[in-house]
Every structure is written in structure tokens, then in C-alpha cells.
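User: I am new to this structure and would like to learn how to read its features. Please take me through them in turn.

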Amino acid sequence: MALYDKIGKNYGKTRKSDSRIARKLLDLLESTQASKIVDIGAGTGSYAFFLAEYGYEVIAVEPSETMRNQALSHPAIKWIDGYAENLPLCDRAAEAAIIMLALHHFQDYQQALREVCRVVGNGKIIVFTYDPAMISGFWLTKYFPSLIEDVESTFISISKLSNEIQSVTENSVNVIPFRVPHNLSDSFAVGWARPELYLDINIRNGISSFASIDINEVEQGVLRLQADLQTGKWDNEYGYLRKQKQYDVGYRFIQSK
Ligand SMILES: C[S@@+](CC[C@H](N)C(=O)[O-])C[C@H]1O[C@@H](n2cnc3c(N)ncnc32)[C@H](O)[C@@H]1O
């Protein structure tokens, strides 16, 4: 059973595409002549849908039926049940690829990158991911310390991943930090300035790292966060974040070419 068949039942409710991320994607794609995009690990298709609405033809590859079933249908999106490591697509089936917060879930990301290259030929590859070196500085880990180990062991370092993409594509690669807006609508890092959101089980359930932490640690962390919000301790330490419009939590776009 695919992981997201278990943890993704309500994904579509909390993980909606964010227009700022989607616009950045459009910016990055604009420099190519691509009109056909493959979205790998497309989930519920929130970014595929945005691109389709914008006029792109999208092939959305997603192994979890639970995730595919939550997708909004769109005439310009073709859904495919498949894994990144063995894409059921012919060579040059698309002109560019996006992998949005999915590569860290792949069993063999190097094989997946080779497959993506085969499918897009010399086309652009855009990966949206997290820099694991940033996690220990995020206040959330004070309440849920195991997030550090989970994130550090799950996400690939940005330099390693950039080098891998460069060696597979034989194209230059650049890394673009994405500063998360305070009112992000895709809930993956939604609460950096709105800690109350992490008290909501639906928000936590939309973030796969929470599923990896021991339930007792999660319960204890939620109680401590709740107490610190009530006493004002959280605001004393981190309240300055509430006034910021955006913040570098650690998200990065990596693009080839
Ligand atoms: C965090 S979700 C991201 C979904 C979507 N890209 C988004 O940004 O909303 C990660 C997705 O990767 C999918 N996934 C996991 N392993 C995969 C693999 N080997 N090949 C393709 N997709 C995979 C999961 O089923 C899940 O839907």
C-alpha cells in the first residue's frame, strides 16, 4: 500500500496549492518553450490543476489511489498511476517536469531522476524541496524535537541533490530559496507565524513528518505549545514572527538549466 493511501485521506482539505508557489513555478517554466509538463508525485493535483488552468497540458503521475481520488478533474490533466522510479511514459513524453515536495518520498530518487530525464529529454526539471540543514533552527522543533531527526534523515541535502541533478541532466542547476508567506494556503509550513494552527489535528495530519513521530511526543508537544500560547511564553520568544510577511523556513526550488 502506498504511504499516502494511509496518511493522505484528508490531504486535499489542508494541502491546497498556494498561489505564490504556483506563480514561482510559472516564472520558472516561462523561460522554457514547454507546453507539456509531467508532475511527478502529483498528490491531489493542486499544482497540476494550477498549471492546467494556465494553459499547460499536464501528465500527473501519482501512485496513491487515495490521493488521485481527491483530485479535481481537468480536461488538460491526464492522470497516471505510477512510480517515479519506473515512469509508465515514453521517452520525451513531456517537455519539462515538476516534483513538488515529493522527491523525499521516492524509494530511489537517483533512479527517479534518471527516469525523469528520459521522459523530458533535455527539458527543464524543477524540484521543490526542503533544506534539511534548516530544520533545527525552526521553533516548531522545540515542541516536537524528533522532527529534526526525521527531516534530516528524510530530505536530501540541497548541495547533494543539486549535484545529482546536475550529473544526471548534464545541465547547470540553480537553487532558489522560497520565503514562505505568512498566509500560505498550502499547509506544509503554514504555521511559522501562526502557531495555533499546529494545535489542529487536521493540519498535523497533512504533514507527513508528524506521522513519523511517536504519538506521545506529538501529544506532549501539542499540550506544551497550547500552554505556551495561553501564558504568552510563545509570543515572548517568537512573537516577532507574527509581524513578518514572509520567512525563510528552508524551502527551495532547484531547477536544471
Ligand atoms: C507530500 S505529497 C506532495 C503532493 C503534491 N506534489 C503537492 O505538492 O501537493 C508527496 C506525494 O508523492 C507521492 N509519492 C510517494 N512515493 C512516490 C514515488 N515513488 N513515485 C511517485 N510519487 C510518489 C505520494 O503518494 C504523495 O502523493
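User: Where do F128 and F253 stand, buried or exposed?

Analyst: Buried means under 20% relative accessible area, exposed over 50%, and partly exposed in between, with a 1.4 Å probe and protein chains only. Here, both F128 and F253 are buried. Please note that this is a predicted model, in which local features need pLDDT of at least 70 and side-chain atom pairs count only at pLDDT 80 or more, while totals for chains, interfaces and linings use all residues. Residues are numbered from 1 along each chain as its sequence is written, and side-chain values use heavy atoms, with hydrogens and water left out.

User: How many aromatic pairs does the structure hold?

Analyst: Rings of Phe, Tyr and Trp (its six-membered ring) pair if their centres lie within 6.5 Å; planes under 30 degrees apart count as stacked, over 60 as edge-to-face and the rest as tilted. The structure holds 15 aromatic pairs. In one of them, the ring centres of F128 and F253 are 4.5 Å apart and the planes meet at 35°, so this pair is tilted. The pair links distant parts of the chain, 125 residues apart: F128 belongs to strand β5 (residues 124-130) and F253 to strand β7 (residues 246-256). Strands (E, at least two residues) and helices (H or I, at least four) are DSSP runs, numbered from the N terminus.

User: Why is the pair of W139 and Y143 edge-to-face?

Analyst: The planes of W139 and Y143 stand at 80°, with ring centres 6.1 Å apart, so the pair is edge-to-face. W139 and Y143 are both buried. They belong to one aromatic cluster, together with F138, F144, Y198, F210, W234 and Y238.

User: Which residues come nearest to the ligand?

Analyst: A residue is near a molecule if one of its heavy atoms lies within 4 Å of it. Of the 19 residues around the ligand, G41, E62, A84, E85 and M100 come nearest. By class, this shell has 12 nonpolar, 5 polar and 2 charged residues. Ala, Val, Leu, Ile, Met, Phe, Trp, Tyr, Cys and Pro count as nonpolar, Asp, Glu, Lys and Arg as charged, and the others, Gly among them, as polar.

User: What lies 2.8 Å from a nitrogen atom of the ligand?

Analyst: A backbone N or O atom of M100 lies at that distance, 2.8 Å.

Note on methods: Polar contact = N/O pair within 3.5 Å; in protein donor to acceptor, adjacent residues only side chain to side chain.
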